[in-house]
Amino acid sequence: MLRIFTRTAVRANFPAASALHTSSVEWAARKGTREKARKKKVKVEVKKVGFIPHNQRKKDKLPQSKINKHYDDFYLKLPTDNVWVSRFYRWKVYPFREAVECHRETHHPTMYNVPNAPLTVHIELNMVAEKSTRFLENFHRIVKIDHSFDQGANRQILVFTKTREDAKQAMEAGADHAGGSELIKDVQNGEIQLSDYNYVLAHPEILPELVTLRGLMKKKFPNPKSGSLGVDIPAMVQHFKNGIEYSAKRDENQLDFALITSTIGTIDMDIDHLEKNLICLLKDIDSVRPKRDGKFITKVLLFSAPSAERFKINPFLYIDEVLEKYAAKEDTETEGKDETEAQAVQ
């Protein structure tokens, strides 16, 4: 009886194997487990690399040397004679007329033999905004000049006007296509592609009808800030047809530095005409100046390919160096300093 009791006890404590749950769900692998196992079995090919010198290893990860591009050579000496090594002395500031004459000498037929070479201006900007921790965004503008020249590019212009007279004046001024409601329908039907035109101009009277094309035009939609929406259609066409196009691009490594490179004419043009074009360009750039203390335009250089010579000029003969309210502040501070110095001497 004792044996039977123990057997039944064993059976009660340990159920039969057939009673165990053996469903396939219990033993199923988690999702993605087999896929991970297959990936582990894949052999990783090790690429053999030749010997790399120690100073070239992880070159991309090395910290780049940050050189301040707002270079100021005020600490250098001024040259004392007509011949000097430029890197040891301060840059000479040339009058505009003298700089152009220097380029004409190097481009004479006896030297480079390019008497009608383009005169290019190199303008450096300080892109710090009103707050010192923020910077101006890149900007692209077109400025109207008094004396046009061949820039080597044919700009396609599309003009929307309400009346036929305005459309006729636009075509006479140099527009490639001009019209009213029928022109809007042609654009909607796909007969005219907006991508074929560099600029789109419009008269304010046709603006309510032109709103239907806002989605197609996007950034090309006329607006008064860019000068593409106005009443004087011929002047607008001349502005965008013959104006100087320029863009300010910030440096990727130095966000407070931007550069503008633009052509203001050819060196065989009248020097007064070239100077007026330069003034128009400088004033247009100065209109974007943030309301803060300090310079916005930091340096202006003139060069003319294929010559490598660059002549520094003073842009503050044509525009203000500092905003008026900050200039008045500086004057009062200097006056206060002079008075304190005079009292100390007495």
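The model is predicted, so to speak of local features we need pLDDT of at least 70, and side-chain atom pairs count only at pLDDT 80 or more, while totals for chains, interfaces and linings use all residues. Residues are numbered from 1 along each chain as its sequence is written, and side-chain values use heavy atoms, with hydrogens and water left out.

Let us start with the open spaces. A pocket is an open set of points, on a 1 Å grid over the protein atoms alone, with protein on both sides within 12 Å along at least five of seven lines; its lining residues have an atom within 4 Å of a point. Volumes are the space filled by probe spheres set on the points, which are joined across faces, edges and corners. The largest pocket has about 600 Å³. Its lining counts 20 residues, and His140, Arg141, Ile142, Lys225 and Ser226 lie nearest its centre. Strand S2 (139–143) gives the most to this lining, four residues, and strand S5 (199–202) and helix H8 (233–242) each supply at least two. Helices (H or I, at least four residues) and strands (E, at least two) are DSSP runs, numbered from the N terminus. By class, the lining has seven nonpolar, seven polar and six charged residues; Ala, Val, Leu, Ile, Met, Phe, Trp, Tyr, Cys and Pro count as nonpolar, Asp, Glu, Lys and Arg as charged, and the others, Gly among them, as polar.

Next comes the second largest pocket, of about 330 Å³. Of its 16 lining residues, Asp72, Lys295, Thr298, Lys299 and Lys312 are the closest to its centre. Strands S1 (118–126), S8 (297–303) and S9 (310–313) each give two or more residues to this lining, with S8 giving the most, three.

The whole structure has one cavity of 30 Å³ or more. Tyr71, Asp72, Asp73, Trp91, Lys299 and Lys312 line the largest cavity, and by class they are two nonpolar, no polar and four charged residues.

Phe74 sits in the loop between helix H2 (33–41) and helix H3 (96–106) and is exposed, with a relative accessible area of 57% (exposed means over 50%, with a 1.4 Å probe and protein chains only).

Notes
Buried means under 20% relative accessible area, exposed over 50%, partly exposed in between (1.4 Å probe, protein chains only). On a 1 Å grid over the protein atoms alone, a cavity is a set of points where a 1.4 Å probe fits but cannot get out, and a pocket is an open set with protein on both sides within 12 Å along at least five of seven lines; lining residues have an atom within 4 Å of a point.
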